[in-house]
Amino acid sequence: ELYFKNLSKQKQKEVMEKDGSRHKLRVCVATCNRADYSKLAPIMFGIKAEPQFFELDVVVLGSHLIDDYGNTYRMIEQDDFDIHTRLHTIVRGEDEAAMVESVGLALVKLPDVLNRLRPDIMIVHGDRFDALALATSAALMNIRILHIEGGEVSGTIDDSIRHAITKLAHYHVCCTRSAEQHLIAMCEDHDRILLAGCPSYDKLLSAKNKDYMSIIRVWLGEDVKPRDYIVALQHPVTTDIKHSIKMFELTLDALISFNKRTLVLFPNVDAGDKEMVRVMRKKGIEHHPNFRAVKHVPFEQFIQLVAHAGCMIGNSSCGVREVGAFGTPVINLGTRQTGRETGENVLHVRDADTQDKILHALQLQFGKQYPCSKIYGDGNAVPRILKFLKSINLEEPLQKKFCFPPVKDNISQDIDHILETQSALAVDLGGTNLRVAIVSMKGEIVKKYTQLNPKTYENRLELILKMCVEAASEAVNVNCRILGVGISTGGRVNPREGVVLHSTKLIQEWSCVDLRTPISDSLHLPVWVDNDGNCAALAERKFGHGKGIENFVTLITGTGIGGGIIHQHELIHGSSFCAAELGHIVVSLDGPECLCGSQGCIEAYASGIALQREAKKLHDADLLLVEGMSMKEEEPVSAAHLIQAARLGNARAAGILRTAGTALGLGVVNILHTLNPSLVVLSGVLAGHYAGAVRDVIQRQALSSAKAVDVVVSNLADPALLGAASLVLDYTTRRTC
C-alpha cells in the first residue's frame with residue numbers, strides 16, 4: 001500500500017495536468033470470503049492509491065459476515081477500506097440445497113446494489129458459488145466483468161463454476177501460461193486476456209524475511225520452533241461429501257498419531273462444512289494439547305505461518321498455489337486440487353482412504369525444504385492489472401465476441417510488463433571458467449556471461465549469485481521470463497537435494513556443497529543441479545540428436561571423459577548418483593593410471609589430460625615436432641599439439657590417437673552390450689577426432705545385434721549450458737503418491 005501511495009504522489013500532479021478531463025473508471029470489487037480477499041486486497045490497494053484514475057466501491061457478502069467463520073469483514077475495515085454494502089447471502093444448511101439457496105438469495109439482493117453503484121466494471125475472483133451470483137447479476141445488468149484466476153483446472157465442481165464465470169466475464173486476468181491457453185481454447189478474445197500472475201504473490205515474495213517468531217508463538221504456543229509444526233486446511237468436496245468427511249476424519253487421526261503441533265483452520269462455507277466441524281469436536285481437536293483450531297488467521301500472518309511450517313496438509317488451493325512460493329512441503333489430499341499446476345513441493349495423495357497412507361505422506365514430507373516456485377506469479381501482478389484496467393475502452397461495444405478456432409498465434413495482449421519468452425538461467429561451473437546464460441525455450445542462448453572460476457568456495461558462490469542476479473535483471477530487458485536456474489557441474493551430484501557430493505580435482509573446495517538453497521533463497525526461483533555429463537545428455541534429448549530417441553548415450557570427450565544415459569526417455573542417475581561415469585569403464589587391466597586411482601580407464605587413454613601426458617612424453621624425447629610445426633619456448637605442450645603432429649605425419653602421435661580411439665571404442669562396445677542404446681552421441685572438443693575410430697571398433701568387436709547403433713558427433717554449440725537450461729525447461733512438476 002505504501003509503495004502505491006508514494007508512486008501516486010510522485011505522478012498525480014503530472015497526470016492531472018495531462019488528463020484533467022479523463023473519466024475515472026468506477027470499479028466495484030466484491031469479496032465473498034477470506035480466501036478471495038487475499039487475492040483482491042493487493043488490487044484494491046493499487047486502485048485506492050491512484051484516485052486520479054479510479055473510484056473504488058467495495059461490496060462484502062458471503063461468509064465474511066458470519067460469526068462462525070470469524071467475521072472476516074473486519075480485516076477489510078482494518079485495511080482502511082470503506083465498505084459500501086454488506087449483503088447477508090448465506091442460507092444456513094448442511095447440504096447442496098443450501099448452496100443453491102444462497103446463490104438465489106444473492107441474485108435477489110445484488111440488483112438493487114448494482115443499480116445504486118452503477119460501476120463501469122466489476123472485479124470477480126475465482127470459482128465460489130457466491131462469485132457465480134455476482135457474475136450473473138453483473139452480466140445481466142450490462143456491467144463489464146473482470147474475472148481473476150480464470151482458466152485454471154482443479155478437479156471439482158469449482159471447475160464448472162469457474163468456467164461459467166469465464167463465459168460471463170468480459171476481461172480475464174490469469175496466473176499461468178496454461179490457464180491462458182485454456183481461456184484461448186474456450187474461445188475467449190485473446191486481446192482481453194492478461195497473463196499477470198497471482199496478485200497475492202506481490203505480497204508473498206516480500207513476506208518471508210519479516211519477523212515471524214511472534215506470529216508462530218501467538219497461534220501455536222511459546223515452545224514451537226520453525227519447521228516443527230503443521231498447518232492443516234481441508235474443505236468438503238461438494239460432489240462427494242460423504243467421502244470428503246471420511247477423509248478429513250482419517251487426516252485428523254493421522255495428525256494425532258504423527259504427534260506434532262498442528263494449526264487446524266475451519267473449512268469454507270460449503271455443503272458438508274458443519275459435519276467436518278463436528279468431526280473435529282468429536283475427536284477433541286479444540287482441546288487437544290497438540291492442536292490449535294481457529295476460524296480465521298489474517299492473511300499476512302497466515303503466510304508467515306505456512307512459510308515456516310514443517311508441512312501443510314489438506315486440500316486448499318493455497319497449498320498448491322501460494323505455499324509453493326516458500327518451498328514448504330505440501331500434502332494435497334483427494335481430488336479437489338489435482339488438476340492444478342504445482343511445484344516440486346506438492347505430494348498428491350489422491351486416494352487418501354487409509355490413515356496409514358496419510359501418515360506415510362507426513363513422514364515423507366515433514367521438515368523438508370523445496371525450491372521456491374514461481375509458477376503462479378513473480379511479484380508484479382498488480383502493476384500489470386492496473387495498466388490493463390486503464391487500457392479498457394468503455395466506448396467499445398459491451399457484447400462479448402468469441403474467437404472460435406483456429407486460434408491466432410498472438411495469444412495475449414501486448415503489455416510491456418509481461419515477459420513473453422519463457423527462459424532459464426543456465427550455469428556451467430567449469431574447472432577454468434564460470435559461465436551463466438539466459439537460454440530460451442527453443443535453445444537460443446540470448447545472453448551469456450563468463451568469468452574466471454574463483455579458487456575458494458566462498459568467492460565461487462558469491463560470484464555465482466552475483467552473475468545470476470545480473471542475468472535475471474537483464475532478462476527483463478531482453479523480454480525473457482526466467483522459470484528457474486539450472487546448474488551443470490563436474491563430479492558426483494545429488495540432484496534431489498541440489499548438493500555437489502564430490503567434485504572433480506579441477507574444482508577445488510567443492511564437496512558436500514548445497515547449491516540449491518542459497519541461490520533459490522536469493523533469486524526466489526527454483527534451482528536444479530546435475531553432473532555435467534548428465535546435462536550434456538539432457539541437452540541432446542531436448543535440442544540435439546537425441547530428440548525423440550527413447551534410448552541413447554552421450555559421451556563427453558574433453559579434459560576428462562564423462563557422459564549421460566537416457567533410458568526410456570528418462571535420465572539415469574543410479575542408486576548413489578554415480579551412473580554414467582563412463583570415463584571410468586576399464587578397458588585394460590594394466591593400462592595407464594587414471595586420476596580416479598584405478599588403471600586402464602577410458603579416461604586414462606582418451607581424455608585431454610591423457611593426450612597431453614603422452615604429448616609431453618614425445619616432446620621431452622624430442623619426438624613430437626615435425627616439419628610444419630613450431631612451438632614457442634614457454635608454450636605449454638597440449639593435446640592440440642599431439643593432434644597437429646598426427647595430421648602432419650608423425651607416426652608416433654598418430655599411434656597414440658589410434659590407441660585412444662580404440663580405448664574409447666571398446667568402452668562404447670561395453671556400453672552397447674550393457675544398455676543396448678540405439679544412438680551414441682560423441683560430444684566435446686575431441687569428439688570429431690574419435691568418431692571414425694569408435695565406429696571401426698564397434699564393427700570389429702560388438703555383437704552383430706548391437707552393430708546397427710548410430711554413432712554421431714554432437715552439433716550443439718554449447719551442450720553444458722543447454723543441458724543446464726534443460727533441467728529447468730523440461731522439469732515436470734507434478735508428483736503422485
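1. Basis. The model is predicted: local features require pLDDT of at least 70, side-chain atom pairs count only at pLDDT 80 or more, and totals for chains, interfaces and linings use all residues. Residues are numbered from 1 along each chain as its sequence is written, and side-chain values use heavy atoms, with hydrogens and water left out.

2. Confidence. The chain has a mean pLDDT (the predictor's confidence in each residue, from 0 to 100) of 88, and 92% of its residues reach 70 or more. Over residues 407–419 pLDDT stays under 50; the model has 33 contacts (heavy atoms within 4.5 Å) beyond four places in sequence for them. Residues 732–737 also stay under 50 in pLDDT, with 25 contacts beyond four places in sequence. Where pLDDT is low, the predicted coordinates should not be read in detail.

3. Strand E2. Helices (H or I, at least four residues) and strands (E, at least two) are DSSP runs, numbered from the N terminus. E2 spans residues 54–61 and is mostly covered, with six of its eight residues buried (under 20% relative accessible area, 1.4 Å probe, protein chains only).

4. Pairing with E1. Strands pair if DSSP finds at least two bridges between them. E1 (residues 25–31) and E2 are parallel over seven bridges, and Val27 has Leu56 in E2 as its bridge partner. With helix H2 (residues 34–48), E1 and E2 form a right-handed β-α-β unit: with the strands pointing away from the viewer, the path from the first strand over the helix to the second runs clockwise.

5. Pairing with E3. E2 runs parallel to E3 (residues 83–87), joined by four bridges; Val60 has Arg86 in E3 as its bridge partner. E2, helix H3 (residues 73–78) and E3 likewise make a right-handed β-α-β unit.

Technical notes
Buried means under 20% relative accessible area, exposed over 50%, partly exposed in between (1.4 Å probe, protein chains only).
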